[in-house]
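Subject: Handing over a structure

Hello,

I am passing a structure on to you, and I hope you enjoy looking through it. Please open it first and then read my notes below.

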Amino acid sequence: MSGVMKRMGMIFRAKANKALDRAEDPRETLDYSYQKQLELLQKVRRGVADVATSRKRLELQLGQLQSQSSKLEDQGRKALALGREDLAREALSRRAALQQQVTDLETQHQTLQGEEEKLTLAAQRLQAKVDAFRTKKETIKATYTAAQAQTRIGEAFSGISEEMGDVGMAIQRAEDKTAQLQARAGAIDELLASGALDDSSGLAKDDIQSELDRLSGGTDVELELQRMKAELAGGSSSKQAIEGGAGQGQQAQQPQDTPRFDKQ
């Protein structure tokens, strides 16, 4: 039973992996990775800003403590000048406590400054990597789009794409139906001509009548040809007769020789 379950699990994972592979678009994956890198870069920049803010706050506190320390030192001098050694000692004691705080804050300030420099350098490096990834991402996307378009064009030319396959099958079916109709029409014409099928419209003629019509049509043509030849022959005879009569008339109209008179 466990073997069957393992096999079913393997089959399910294989089919799921194949389905995910078909659904995955590398361009979308690259865009998602780039978005995550931008979010990480934003977090690093925010960390740099937070560290810089803390450093600036320590600098302000240091400035206040140093100002108070200077003030206590002046008070101690004035008290000592007035003969109040007790007051001078108290002022110097307070100043010593402030100096300890100043030392601690300076140590924290140096630590924060070092962290700020590290984060700033890390942010710059990450920015460079993000920029390089963006350039590479756009190059890969353009190459993938061009390859996809070239593949589709090749499939269209070769006829192996799904769309062109459907078009080719439709054309083949149309050609088959056209050839079938042409063959059927030719067969019906042959059957009608041979008399195997009767024409219910009454317009078709039988073979005897068709032969008679053909012979009579040929006879009419021969008769028409003979008539045209006779007309041409008759026209030529009439023309010759007319030309002969005209010649005799001209001879008759010529004047007789006039008498000649001798000179005296």
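This is a predicted model: local features need pLDDT of at least 70, side-chain atom pairs count only at pLDDT 80 or more; totals for chains, interfaces and linings use all residues.

Residues are numbered from 1 along each chain as its sequence is written, and side-chain values use heavy atoms, with hydrogens and water left out.

Let me start with the charged pairs. Counting a salt bridge as a side-chain nitrogen of Lys or Arg within 4 Å of a carboxyl oxygen of Asp or Glu, there are 16 salt bridges. One of them joins Glu116 and Arg55, with the closest N and O atoms 2.4 Å apart. Glu116 lies in helix H3 (residues 85-158) and Arg55 in helix H2 (residues 26-81), so this pair ties together parts that are 61 residues apart in sequence. Helices here are DSSP runs of H or I with at least four residues, numbered from the N terminus. Both Glu116 and Arg55 are buried; buried means under 20% relative accessible area, exposed over 50%, and partly exposed in between (1.4 Å probe, protein chains only).

Other salt bridges sit within a single helix. Arg77 pairs with Asp74 at 3.6 Å between the closest N and O atoms, and these two are 3 residues apart in helix H2, so about one helical turn separates them. Arg77 counts as exposed because its relative accessibility is 51%, whereas Asp74, at 41%, counts as partly exposed. In helix H3, Arg89 and Glu85 are 4 residues apart, again about one helical turn, and their side chains meet at 3.0 Å, N to O. Salt bridges that share partners also join Asp31, Lys137, Glu138 and Lys141 into one network.

Now for the nonpolar side. Where are the nonpolar cores (sets of buried Ala, Val, Leu, Ile, Met, Phe, Trp, Tyr and Cys residues joined through side-chain atoms within 4.5 Å)? The largest has 7 residues: Leu58, Leu62, Leu65, Leu72, Leu98, Val102 and Leu105. H2 and H3 are the elements that give two or more residues to this core, and H2 gives the most, with 4 residues. Apart from this core lies another, of 6 residues, among them Tyr34, Val44, Ala123 and Val130.

Happy exploring!
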